[in-house]
Amino acid sequence: MEKVVSLCKRRGFVFPSSEIYGGIGSTYDYGHYGVLLKNNVKAQWWRALLLDRDDVVALDSAIIQHPRTWEASGHLEGFTDPLVECRTCGQRFRADHLEALPCGRKPSRHPGGDPACDLTESRSFNLMFETTMGPVRETGAAVYLRPETAQGIFVNFKNVLSFSRKKPPFGIAQVGKSFRNEITPGNFIFRMREFEQMEMEFFVPPTEAERWFAYWTTARRDWYLELGLRADRLRLRPHDADELSHYSSATSDVEYLFPIGWSELEGIANRGDFDLTQHARFSGEKLEYFDQATSEHYVPHVIEPAAGADRAALAFLCDAYDEDEIGGERRTVLRLHPRLAPVKAAVLPLVRKDGQPELAREVRDALRERVMCEYDEGGAIGRRYRRQDEIGTPFAVTVDHQSLEDRTVTVRERDSLAQERVAIDALGDELERRLRAPWTRPHPG
Ligand code: GAP
């Protein structure tokens with residue numbers, strides 16, 4: 001993990017937030033390459049849910065919802081973690097994490113801690129961020145930053161149903177920021193207080209819920225595999241009955257073998273009719289579907305694949321990180337799926353003279369309408385290749401003296417290091433063709 005964190009900082013993927021003020025607890029800012037990578041992760045998610053099918057529609061709901069939303073959803077009462085504090089050193093822990101340790105049910109010391117450490121009794125701590133709405137801080141103005149994007153979907157069920165004229169089975173998908181006052185955030189962007197979710201609520205006739213749960217569990221696992229995650233580092237883990245959330249009758253996690261161990265990447269839950277029923281009760285609105293074929297009203301059941309954009313980006317980074325040796329020189333390379341790579345092509349003049357930079361810029365200008373590319377003329381060509389390898393650029397396009405004679409360039413491939421001459425006029429088509437082709441990891445790394 002340290003190597004990934006250090007690469008992210010060195011190459012401007014991710015920085016600790018507010019660093020000049022000493023940082024602010026487990027909050028991170030994304031720099032140029034990080035923004036491009038995370039945008040690509042989200043674009044691939046939208047592609048799988050919207051472009052590749054016609055039974056899902058998009059939504060972008062507000063971060064602040066009516067506070068009754070969180071009463072209905074159960075978050076106000078139940079979205080809590082058990083918190084213990086150390087009276088001596090002031091550190092805070094989740095009591096349920098401590099109980100797994102040999103120190104017993106009521107630990108008096110925290111993990112590996114000083115013998116003088118002395119833990120308080122556990123108390124419930126609500127993870128929602130509270131703020132006030134309007135110019136005056138008065139009672140009744142309390143609102144919450146959403147802890148999940150899902151509820152914005154449920155409260156819009158009626159709107160979407162009427163405008164889209166969809167009928168179950170159909171899904172509503174949204175991507176956006178969520179906020180949780182996590183007691184123990186950490187492990188870089190794995191667990192933050194402000195993070196981005198990619199969630200879809202798939203509404204189905206009640207009798208079809210089990211079938212769709214199985215379908216989405218497999219489909220979501222396969223999405224990570226198609227984007228190149230190693231199969232031996234990915235698994236599905238069904239929740240035991242005592243782990244299930246209050247709303248769920250079945251949940252399976254897609255887990256990835258992060259450097260911190262097997263951890264949740266995404267959860268797929270069968271939420272039944274819990275959410276629509278609750279919001280109907282609290283709002284007084286009917287949240288049902290009228291099936292004309294049977295002349296029956298019913299409350300659809302919901303299958304929810306809920307993923308984290310930051311956590312997915314971290315998994316792709318960890319999986320892609322590799323070091324090898326070329327010509328006796330060590331290189332760091334991100335073997336990202338080309339569709340996820342922040343930059344698709346680097347355009348490099350071999351030397352900074354003889355008209356090569358001018359032609360290389362012309363090549364870059366033609367390419368950039370089609371793929372994200374970068375121009376670099378600074379330093380020896382080998383060093384420029386390494387810089388691109390380190391950020392995962394799949395193709396390096398080099399303009400050399402021959403390019404000026406016959407208008408061809410070499411295309412160097414990041415993983416195989418194979419170089420091929422391609423006509424400048426055919427370059428855009430060729431790169432797009434390669435980007436569309438299925439990609440497999442060259443070797444285990
Ligand atoms: N609507 C259901 C829901 O929110 P969740 O398992 O709490 O379920 C879904 O969250 C996904 O959101 C997680 O699998 C994870 O990828 C991401 N996520 C949750 N909390 C996070 C945090 N504190 N930091 C980063 N990602 C988080």
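**Close-up views of a predicted protein model with its ligand**

**View 1. Q197 and S178 meet through their side chains.** A polar contact of 2.9 Å links the side chains of Q197 and S178; a polar contact here is a pair of N or O atoms within 3.5 Å, and within protein one must be able to donate a hydrogen and the other to accept it, while residues adjacent in sequence count only if both atoms are side-chain atoms. This is a predicted model, where local features need pLDDT of at least 70, side-chain atom pairs count only at pLDDT 80 or more, and totals for chains, interfaces and linings use all residues. Residues are numbered from 1 along each chain as its sequence is written, and side-chain values use heavy atoms, with hydrogens and water left out.

**View 2. Here's where Q197 sits in strand 10.** That strand covers residues 194–204; strands (E, at least two residues) and helices (H or I, at least four) are DSSP runs, numbered from the N terminus. Q197 counts as buried because its relative accessibility is 7%; buried means under 20% relative accessible area, exposed over 50%, and partly exposed in between (1.4 Å probe, protein chains only). Leaving aside neighbours within four places in sequence, Q197 has contacts (heavy atoms within 4.5 Å) that include P147, E148, R180 and A309.

View 3. A ligand nitrogen atom is 2.7 Å from a polar backbone atom of M192, and for F190 a polar backbone atom is 3.4 Å from a ligand nitrogen. With E304, it's the side chain that takes part: one of its N or O atoms is 2.9 Å from a nitrogen atom of the ligand. Taken alone, the ligand exposes 550 Å², and the protein buries 91% of that (areas come from the Shrake-Rupley method with a 1.4 Å probe; for residues, only the protein chains shown count as cover).

View 4. A346 counts as buried because its relative accessible area is 0%. Follow the chain for 28 residues and you get from A346 to E374, yet their C-alpha atoms are separated by 4.8 Å. Leaving aside neighbours within four places in sequence, A346 is in contact with E374, Q388, T393, F395, A396 and V397.
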